[in-house]
Amino acid sequence: MEGVLEIRWHGRGGQGVKTAALLLADVAFFTGKQVQGFPEYGPERMGAPVTAYNRISDEEILIHSNIYEPDYVAVVDESLLSTVAVTGGLSEKGAVLVNTAKSPAQVAPLLNGYKGQVLTIDAGKISEEVLGANFPNMPMLAAVVKMTNLLPEKVFMENMEDSLKHKFATKPKMVEGNMQVLRRSFGEVQGL
Amino acid sequence: MGKRDRLSGNEAIALAMKGMNLDVVAAFPITPSTEIPQYFSQYVANGETDTLFIPVESEHSAMSACIGAQAAGARASTATSSCGLALMYEMLHVGASLRLPMTMACVTRALTGPINIHNDHGDAMGARDTGWIQLYAENAQEAYDNYIMAVKIAEDKQVLTPVMACQDGFITSHAVENIELLSDEEIGKFVGLYEPAEYLLNEEEKVAMGPYDAPAYLMEHKRQQAEGMMQALPVIEKVAAEFAALSGRHYGLIEEYQTEDAERILVVLGSTAGTAKQVIKNLRAKGEKVGLVKIRSYRPFPAAAVAKAIKKAKAVAVMDKAEGMSGIGGPLFGDICVAMNGLGGPRLIDYMYGLGGRDVRPEHIEAVYRDLAAAMAGKADEEQLIKKAGPYYRYLALREE
Amino acid sequence: MKQKGIEINDRVSWQNITLAGAVYGGGTAKQFATGDWRSMRPVMVWEKCKQCLLCAPVCPDSSIPVEAGKRLDFDYDHCKGCGVCVQVCPFEAILFKKEEK
């Protein structure tokens, strides 16, 4: 859709894909944009492939369907590359971001001939090292903001600090940990 | 001025509930409406509202508790979906025929079977003859606004009929979108306090409600009940005008989008209206005279307004999201045919679409407008379509051999 | 039966009938003389009655009035002649006779 930024997320049940899409909608909302963030629901099972979507625009978003020709794709679980056509319909002017330890050059051949930009981030590693557990959605969120150039890093960080403080009002430690994850992730996107 | 926020349709309904001076909310969890009582019961637990929340053991009980509460003199509401609404069926009739002005947030979903948790209008359409007013929402904002207005419509002395504010399950109930909220104080002031003329706990005037109605009386009571439904048409407009003064958002019985000079018009309920508007923008940019009629008030059915909006078009597609299993099209198509009875007007074609969560894509809507162009041109293309699908209705985005 | 000044019977219009069939005021059943539904009639034999009061509470139509601890004669305007009192009386103090004009 013209004038609307469309993003499709691929992941597995339990990885926080829906949360990531909703947080991205939050981030964009705080910059005054019109937003949509919604998951494609199915039987909710841990590990099953799940999809979530974002639309971000300066004007009212009227459309209420899933996204088939996204500008950007974010793949939260790289094992999906062999089973799901993650770059299906993806604009070649856009980009795909994959959570992997591999380099963009290593991932590109796994993307069904996609000719646009390929980005990678080792979200699992960042999360493990900072938080001690694999929560890939926060690093992916930062990387998607960087990929789409949705807003400047500084503004993004300020917005996130506010919403994390709100979300983890009783667990202040989580705020600092997640902020550190976001800062590191912004700097570790490969392929730009 | 409202507060700008971004919320899902379900969160928005729960927030509205908090401001509506409700005495009782009785509900049972059922996808996709579960979040509504879930969020709302948190507000109750946190002391943010003094509404009594009754976690009942079934939807039949939820509606029964609402009926009991409302008859006693309280303002009651509930939320449900799909099989939950079906389980309420008996009590929906009881509540409506008792003229109890309850409200319900209905989050529409397919009725089993085959088993399916996704959106269509099979549940709400199954309740269309129960005597409840039904309003349909395009997005989270309208779901929120309709639900607030529902209280005033239901309680109007000319109406005294319960209202179901419907929104599309998952599509708007679980999608986070921009929304403008009213404060609890603004909502509370708008809906006011519930002051029933008659209620069971009134010590001043004793009353018995719901006595046995012999054949000598039931028809008179049904006609009286139908009068409340008919009187709701002007009241829905009156309440919308009051709401516009508060919120700046305007609503009618229907919404016409680019219909003035439209040759081809789509008639639709719910979230697909938005997708269709986007398609219309694109087609209009190419010079195509296409338009849309969105039905906001489905019960009562605004026949005159609909007929006025579509009678000058050449071809009209009626979009049904519920298989009525009549063999001649869906429920909305039947209503449109009644509205156009004796008026001549455009060729009407019914489309069965979006059942069980089948995603409604812009290209599907474009295909409908192409079909309408073929119907206008008449002859060959149209004959082919009729040969394939029969004269009355067609399926949209259906796999066929 | 009058409701809010309007006689409710099988000639009342839908505009004038009470909303949803509501019945106002308590104890309106009293206005309906159901005694003429009776085909059998309970009749007291006062000499045998010990005023044990077993009969009064079992009457489904509250047609055995009790005052100052003693039962009075039947309320024949409302007694439907079910005969439960006849069965329950331990002293054969209530006869059950065919209703005749």
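Biologist: Which residue is the bridge partner of A:Arg8 in S4(A)?

Modeller: A:Val73 is the bridge partner of A:Arg8. This is a predicted model, where local features need pLDDT of at least 70, side-chain atom pairs count only at pLDDT 80 or more, and totals for chains, interfaces and linings use all residues. Residues are numbered from 1 along each chain as its sequence is written, with chains lettered from A and ligands numbered from 1 in the order in which they are written.

Biologist: What makes strand S1 and strand S4 of chain A a pair?

Modeller: Strands are DSSP runs of E, at least two residues, and helices are runs of H or I, at least four, numbered from the N terminus. Two strands pair if DSSP finds at least two bridges between them. S1(A) (residues 4–12) and S4(A) (residues 72–75) have four bridges and run parallel, so they pair.

Biologist: Why are H4(A) and H6(A) called oblique?

Modeller: Angles under 35 degrees count as roughly parallel, over 145 as roughly antiparallel, 65 to 115 as roughly perpendicular, and the rest as oblique. These helices pack at about 40°, with axes 8 Å apart, so they are oblique to each other. Axes are lines fitted to C-alpha atoms, for helices over the stretch in contact, and angles run from 0 to 180 degrees between N-to-C directions.

Biologist: Which residues of H4(A) make that contact?

Modeller: A:Met138, A:Pro139, A:Ala142, A:Ala143 and A:Lys146. Contact means C-beta atoms, placed from the backbone, within 7 Å.

Biologist: Which strands stand at the sheet's edges?

Modeller: S6 of chain A and S1 of chain B; each has a single partner strand, so one side of each is left without a neighbour in the sheet.

Key:
Two residues are in contact if their C-beta atoms, placed from the backbone, lie within 7 Å.
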